[in-house]
Amino acid sequence: MGMGMGMGMGNDLADVLVVGAGPTGLVLACDLARRGAAVRIVDRSPAPPRTSRAKGPNARSLEVLDDLGVADEVLAAGSDPLPMLKYRDRLPVAETDPWADSAPSPDAPYDRGRLVAQWRLEEILRDRLAGYGVRVELGREVVGLTEAADGRHVDVTFAEGRRERVRYVVGCDGAHSSVRKLLGIGFEGTTAEDQVMVCGDVDLAEGALDRTRWHQWFDEDGAVMLCPIPGTRTGWWFQAGPERDGRGRPLAPTADGFRRLLARHTALPGRALTRAELLSTYRVNVRMADRFRAGRVFLAGDAAHVHAVAGGLGMNTGIQDAFNLGWKLGLVLAGHAGAELLDTYEEERIPVAARTLDLTSERLRATLEAIRRPGGGLDAAITPDTTGLGVGYRWSSLARAHDKASRPYETSRHAEAPRHAEAPRPGDGSPGSPQPGDRAPDAPCVDAATGARTRLHRVFAGPRTTVLGFGPGSAAVLREVAAAYGDTGVRTCRVYAPYEGGARSGPETAVDDDEGRAAAAYGTEAFSDTHTGTVIVVRPDHHLGLSAPADDAGSVHAYLRRLHGAGRPRNGSPALVDAARKG
């Protein structure tokens with residue numbers, strides 16, 4: 001049997017084979033590679049795709065990309081979301097900036113997403129992955145998957161006839177996922193044959209349209225949308241209602257068809273469109289896999305769920321699937337956590353996917369209603385939910401101190417998906433502190449060792465669990481945790497309040513909460529003038545795992561044992577590789 005390609009731990013066996021090198025697969029591969037896992041990533045395409053497709057990462061995905069060390073490059077490659085200029089009968093009738101009233105806040109430095117071509121985002125992630133010595137194996141299609149008789153490996157057959165053995169497989173291979181089909185996992189849902197859009201990347205004659213606007217023509221007999229592609233001089237995303245034949249059936253997209261649509265709906269002549277490629281027809285599909293796991297094989301991104309394009313959550317939900325799964329696979333492969341930790345991937349992400357299907361369908365309905373009236377446009381799809389910042393896992397078995405009886409978890413496709421609104425949304429002034437399962441808020445602070453300004457998400461960055469200690473009473477627990485778990489991927493950080501004078505000493509990282517923002521974000525102000533304290537465990541994906549009084553060291557140790565074992569590095573544990581970060 002053909003084995004791996006020299007990237008194993010002591011043998012040729014890869015830890016994880018990622019199938020599909022879009023944003024979901026690349027984020028997962030980067031996260032695993034920096035953990036020291038032997039990861040390989042294959043894609044059936046003979047060359048990296050040049051499609052622009054998804055319009056870019058949302059605010060929560062930017063936090064993920066920041067943790068991977070590539071946010072600065074993504075920001076530089078893209079642009080802010082643009083104001084939308086809406087037309088009716090070729091004349092401008094309204095302009096809307098959905099982000100006009102939005103601003104970064106101390107607990108959420110990214111208040112909006114970024115417009116960037118998908119191929120450019122993938123290029124940035126491939127470069128980051130190459131820095132770990134991992135390159136996408138192109139032109140490799142998976143045609144067979146068999147769990148080995150020992151139950152500890154998966155045998156993978158490729159189209160060229162080669163068979164290779166790996167420990168885990170993750171299908172990130174899109175809506176038509178070969179991995180999902182090979183597993184026989186159902187992909188139930190609906191396809192709305194009447195909700196059709198033609199799309200492509202086009203060039204317009206230079207100066208034809210203002211590139212600081214997303215132009216949207218909505219007429220009673222059709223629509224055209226043109227959004228400039230950042231980093232290009234004349235490139236635009238083109239989306240439109242299709243041309244139809246005499247029986248009302250949608251016609252396939254062509255360059256000439258795009259020119260006719262342009263001439264019909266806009267004041268531009270058809271010849272202003274000088275190039276059209278990557279043409280596709282989009283139908284609204286709302287489907288979800290029956291399960292996201294079969295033994296040692298997982299599904300993520302579009303392979304697990306597809307939904308309406310409204311709100312731009314497709315790629316983003318996939319990136320966040322990957323960020324949820326990566327650290328769990330990493331800890332299990334390192335021998336710290338038991339394999340049962342992998343059960344929490346489905347437990348946490350199936351309800352989020354189900355809720356996302358509902359949310360995007362609801363936003364599509366709102367958008368279709370809005371564009372019937374002059375001045376309506378795609379801004380109807382944008383709500384605070386679409387930033388991704390409110391997504392949490394309060395129902396999860398990894399969320400300690402949550403009352404499980406309040407919401408039993410069901411694996412049914414129709415299980416009630418906990419709503420995003422459960423978590424306090426960053427920057428919206430929601431009362432109450434974040435609960436276990438919620439996204440861990442950011443906060444500006446000062447590095448106590450260097451005096452440089454920093455923020456909590458910088459402290460969390462890299463592939464580790466973080467234990468935050470607030471108040472003098474937390475010092476003892478932090479010392480114990482650092483001694484027991486410092487070699488297993490746990491960092492400790494003491495957060496000093498403004499009233500606490502004296503030297504900053506100890507094995508842990510220390511930050512000064514000079515503006516009180518960290519205490520405010522985590523709701524620990526109550527301990528400001530006493531000797532008690534609070535200890536908060538932040539998972540590697542920046543969600544709260546546990547919040548406990550500092551005198552409850554037992555709960556902290558019990559939680560860390562679940563993720564990091566007894567606290568001693570096991571033989572063969574791969575070293576953690578910290579991402580090289582820009583300041």
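1. Of the contacts in the protein chain with a separation of 6 or more, what percentage do residues 24 or more positions apart account for? The figure is 71%, where contact means heavy atoms within 4.5 Å.

2. A word on the source: this is a predicted model, in which local features need pLDDT of at least 70 and side-chain atom pairs count only at pLDDT 80 or more, while totals for chains, interfaces and linings use all residues. Residues are numbered from 1 along each chain as its sequence is written, and side-chain values use heavy atoms, leaving out hydrogens and water.

3. The protein chain has 12 helices and 23 strands, taken as DSSP runs (H or I, at least four residues, for helices; E, at least two, for strands) numbered from the N terminus. Of its 583 residues, 56% count as buried, meaning under 20% relative accessible area with a 1.4 Å probe, protein chains only.

4. Have a look at helix H1 (residues 23-34) against H7: their axes come within 8 Å and cross at roughly 25°. That makes H1 roughly parallel to H7 (angles under 35 degrees count as such). The crossing is right-handed, that is, the near helix is turned clockwise from the far one by less than a right angle. H1 residues in this contact include Val27, Leu28 and Leu32, and those of H7 include Ile319, Phe323 and Trp327. By class, the contact of H1 with H7 has 11 nonpolar, four polar and two charged residues. Here Ala, Val, Leu, Ile, Met, Phe, Trp, Tyr, Cys and Pro count as nonpolar, Asp, Glu, Lys and Arg as charged, and the others, Gly among them, as polar.

5. Helix H2 (residues 59-67) also packs with H7 (residues 314-333), at an angle of about 45° and with the axes 9 Å apart. That makes H2 oblique to H7, and H2 passes H7 in a left-handed crossing. Arg60, Ser61, Val64 and Asp67 in H2 meet Asn316, Ile319, Gln320 and Phe323 in H7. These residues divide into three nonpolar, three polar and two charged.

6. Finally, which residues of helix H10 (residues 475-485) are buried? They are Val477, Leu478, Val481 and Tyr485. They cover an arc of only 100° around the axis, so they sit on the same side of H10. Their cover includes strands S19 (465-470), S20 (490-496) and S22 (534-538), together with helix H12 (553-564).

Terms used. Axes are lines fitted to C-alpha atoms, for helices over the stretch in contact, and angles run from 0 to 180 degrees between N-to-C directions. Angles under 35 degrees count as roughly parallel, over 145 as roughly antiparallel, 65 to 115 as roughly perpendicular and the rest as oblique. Buried means under 20% relative accessible area, exposed over 50%, partly exposed in between (1.4 Å probe, protein chains only). The arc is that of the directions from the helix axis to the C-beta atoms.
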